[in-house]
Amino acid sequence: TQGKEGGISYHQGKFFPYRATPCQRLVNSMCAGDAFSAMLAVGLLQDKDILELQTQAATLASAICGERGAIPRARKFYKNK
């Protein structure tokens, strides 16, 4: 990951650059990369499309940056992520 610059994923012998999702309210970036990686890994295990996964994972990472702490407690945070 490259923070606000996006990043590059490597999958099945190819590189896939992606853009970051802008953070609406930066509170703390702790574990944003972990959240991105976890969503990407789970999606790949489910044979989902890498390009779609990157977008979803970047959106989750951005949302994590707007929360205090690494794991949001409010259930509503996880709706539509």
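Visitor: Is Y10 buried or exposed?

Guide: Y10 counts as exposed because its relative accessibility is 54%. Here buried means under 20% relative accessible area, exposed over 50% and partly exposed in between, with a 1.4 Å probe and protein chains only. One caution: this is a predicted model, where local features need pLDDT of at least 70, side-chain atom pairs count only at pLDDT 80 or more, and totals for chains, interfaces and linings use all residues. Residues are numbered from 1 along each chain as its sequence is written, and side-chain values use heavy atoms, with hydrogens and water left out.

Visitor: And F15, buried or exposed?

Guide: F15 counts as exposed, since its relative accessibility is 61%.

Visitor: How many aromatic pairs are there?

Guide: There are 2 aromatic pairs. Rings of Phe, Tyr and Trp (its six-membered ring) pair if their centres lie within 6.5 Å; planes under 30 degrees apart count as stacked, over 60 as edge-to-face and the rest as tilted. Y10 and F15 make a tilted pair, 4.8 Å centre to centre with 55° between the planes. Y18 and F36 make a stacked one, at 4.8 Å centre to centre and 15° between the planes.

Visitor: Where do Y18 and F36 sit in the chain?

Guide: Y18 is in strand β2 (residues 14-18) and F36 is in helix α1, 18 residues apart, so the pair links distant parts of the chain. Helices (H or I, at least four residues) and strands (E, at least two) are DSSP runs, numbered from the N terminus. Both Y18 and F36 are buried.

Visitor: OK, new topic. Which residues touch the most other members of the largest nonpolar core?

Guide: A32, F36, L40, L60, I64 and F77, out of 16 residues in that core. A nonpolar core is a set of buried Ala, Val, Leu, Ile, Met, Phe, Trp, Tyr and Cys residues joined through side-chain atoms within 4.5 Å. β2, α1 and α2 each supply at least two residues of the core, and α2 has the largest share, 9 residues.

Visitor: What does I64 touch?

Guide: Leaving out residues up to four places away in sequence, I64 touches N28, M30, C31, A32, A35, A70, P72 and F77. Contact means heavy atoms within 4.5 Å.
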